[in-house]
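Dear colleague,

A summary of the findings follows directly after it.

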Amino acid sequence: MLMAHPAVLRNLIEQYETLEVLRAENGSDEVRRRMDDLAYTLCVSTGTRDVDAALIAARHRLPGARPEDDSVLTA
């Protein structure tokens, strides 16, 4: 499987998180479509099937992430 460069993953995560804020504020169709596109790209880039797993996997591939670090998981 091809692995996305950490810089690409960081950019995707930042875009997705920004759009989450925008969706909470206005929830437009354009924001939802862009979030769907980013979710798909994150899933493909990380070899996962849902956006939550993709975000976790992407964060674990960033520099400084530790394999045993579960801090990206919410309780």
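In what follows, buried denotes under 20% relative accessible area, exposed over 50%, and partly exposed the range in between (1.4 Å probe, protein chains only). The model is a predicted one, in which local features need pLDDT of at least 70 and side-chain atom pairs count only at pLDDT 80 or more, while totals for chains, interfaces and linings use all residues. Residues are numbered from 1 along each chain as its sequence is written, and side-chain values use heavy atoms, with hydrogens and water left out.

Salt bridges

A salt bridge is taken as a side-chain nitrogen of Lys or Arg within 4 Å of a carboxyl oxygen of Asp or Glu. By this rule there are two salt bridges. Helices (H or I, at least four residues) and strands (E, at least two) are DSSP runs, numbered from the N terminus.

Arg-32 is partly exposed, at 38% relative accessibility, and Asp-29 is partly exposed at 47%.

The other links Arg-59 to Glu-17, the closest N and O atoms being 2.5 Å apart. Because Arg-59 lies in helix 3 (residues 51-60) and Glu-17 in helix 1 (residues 6-25), this pair ties together parts that are 42 residues apart in sequence. Arg-59 has 24% relative accessibility and counts as partly exposed; Glu-17, at 33%, is likewise partly exposed.

Helix 1 comprises 20 residues and reaches 29 Å from its first C-alpha to its last, close to the 28 Å expected at 1.5 Å a residue (1.5 Å times one less than the number of residues). Its buried residues are Leu-9, Leu-12, Ile-13, Tyr-16 and Leu-19. Seen down the helix axis, they fall within an arc of 135° and so line one face of helix 1, the arc being that of the directions from the axis to the C-beta atoms. These residues pack against helix 2 and helix 3.

A nonpolar core is a set of buried Ala, Val, Leu, Ile, Met, Phe, Trp, Tyr and Cys residues joined through side-chain atoms within 4.5 Å. The largest has 16 residues, of which Ile-13, Tyr-16, Leu-42, Val-51 and Leu-55 touch the most other members. Helix 2 gives the most to this core, with six residues.

With kind regards

Technical notes:
Contact = heavy atoms within 4.5 Å.
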